[in-house]
Amino acid sequence: MLAMSFRGPQRVRVQQKPMPEIKHPEDAIVRVTRSCICGSDLHLYNGNVPDTRVGMTFGHEFIGEVVEIGSEVTKLKVGDMVIVPFNVACGRCHFCKQGMFGNCHEANPEATAVGGFFGYAHIGGGYDGGQAEYARVPYANVSPTVIPEGMDPDDAVLLTDVVPTGYQAAEMAGIQPGDTVVVFGAGPVGIMAARCAWLFGAGRVIVLDEYDYRLEFVKNYAKCEAYNFKKDMEDVAMFIKKQTDWMGADCCIDAVGAEAAGNAVQTITGRKLLLQGGSATAMHWAINSVKKGGIISVVGVYGPTDNLIPLGNFMNKGLTMRGNQTSVKRLLPRLIEHVQNGTLNPKGIITHRIPLEEAAEGYRLFSDKLDNIIKPVLIP
Ligand code: NAD
Ligand code: ZN
């Protein structure tokens, strides 16, 4: 079968790989019909995730048709069209039982932090992903969900990650009615977080990014305010304070993660300390832009050693920080409803449909933010 294959930082190609096989009685094999590229793939693509091995197939956002099932699969049958959540989760460990499907222990027992993920290097358990013609789906009785009758496959594929992640970002932010929410990042995840913030009663939603086309997009799609941190302000935290009567935002969402752009300015008793670019800039801004006692929700993915964060301000402001990989299965039922009744329109963020064979071009466009790209989908 054809599959995307990682060759080294910023080098991917599509090549023939052996067909996946049932390895365990709870496995299913899915013929992939759509598979997105995600900002999380960019961390791997850019070489920022340890133990990303040459030959790995990425892709944790896919849907498709069940073509084979193991002897213990009871919830799916051959021919079902399924949404495959990005978490590989057993459904029975200590964490899954609490609804923490993004932290499954059984799927990735040796990891210090994460659970199992499709196509996410060996720190994610080493499961090959769905940017391929076929994928092996372990624990097929747990997370895969039959696509509801009449649902557009473009909506369905975004329910594997982006929609639940945007929603969980807003949920973790603890938004109270009328709150001012600042979202860092106008990529697919930040866009969805901004849109979902309204569902939790936000009074004002402000999104920051450096790409004008993404800011224009999010303004229309999420009906929010959007500013360019490179053009519209000198000091991000000061800008947000001025916007909020000098209080700071009620909550901030970091939808950026490791490869954050921009220079963080930290003001300590009037003296300015410039921290140049690099990882954790958005997190830095979030800590300094949120009000005292506020909440920071972190869905942007960081590497194990990204640590450029102003811990002193975090402590002195009495902040709460919440983060996690999204627990897709926990959120799917309510998000399917939101899609079906029209409160969320996920497919509206898909800008590029790219044949799987041209995955390398998809990665290039998405990584370099070219051609006004928001969300690319690979079609095998
Ligand atoms: P993306 O790369 O398309 O978007 C990131 C955006 O952040 C870009 O538009 C970029 O210009 C902007 N940006 C860069 N530096 C910034 C800064 N300092 N301040 C504000 N904006 C800045 O990626 P995406 O697909 O939207 O994903 C965003 C993040 O969410 C990634 O880190 C990804 O790994 C993570 N993610 C997490 C989960 C989860 O389960 N927690 C799931 C999916 C994605
Ligand atoms: Zn993703």
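My entries follow, beginning with the ground rules.

This is a predicted model, where local features need pLDDT of at least 70, side-chain atom pairs count only at pLDDT 80 or more, and totals for chains, interfaces and linings use all residues. Residues are numbered from 1 along each chain as its sequence is written, and chains are lettered from A and ligands numbered from 1 in the order in which they are written.

I checked UniProt, whose unreviewed entry puts "domain: Alcohol dehydrogenase-like N-terminal" at residues 25–144. Such positions are in the numbering used here, feature names are shortened, and annotations may be inferred rather than shown by experiment. In the model I get 15 Å between the end C-alpha atoms of that span, with 9% helix and 24% strand. Helices (H or I, at least four residues) and strands (E, at least two) are DSSP runs, numbered from the N terminus.

**Helix α5.** I looked up α5 at residues 188–199 and found 12 residues covering 17 Å from first C-alpha to last, close to the 16 Å expected at 1.5 Å a residue. The expected span is 1.5 Å times one less than the number of residues. Is α5 mostly covered or mostly open? Mostly covered, with 10 of its 12 residues buried. Buried takes 20 or more other C-beta atoms within 10 Å of a residue's own, exposed 12 or fewer, partly exposed anything in between, with C-beta atoms placed from the backbone. Among the buried ones I noted M192, R195 and C196. Just after α5, G201 has a positive phi of about 95°.

**Positive phi elsewhere.** Most residues other than glycine have a negative phi. K223 is exposed, with 11 other C-beta atoms within 10 Å. N372 also has a positive phi, about 50°, and is not a glycine. N372 sits in the loop between α11 (359–368) and β19 (375–379) and counts as partly exposed, with 14 C-beta neighbours inside 10 Å.

**α7 against α8.** I took α7 (residues 236–243) and α8 (residues 281–289): their axes come within 9 Å and cross at roughly 35°. Axes are lines fitted to C-alpha atoms over the stretch in contact, and angles run from 0 to 180 degrees between N-to-C directions. Which residues make the contact? V236, A237 and I240 of α7 meet W285, N288 and S289 of α8, where contact puts backbone-placed C-beta atoms within 7 Å.

Notes:
Two residues are in contact if their C-beta atoms, placed from the backbone, lie within 7 Å.
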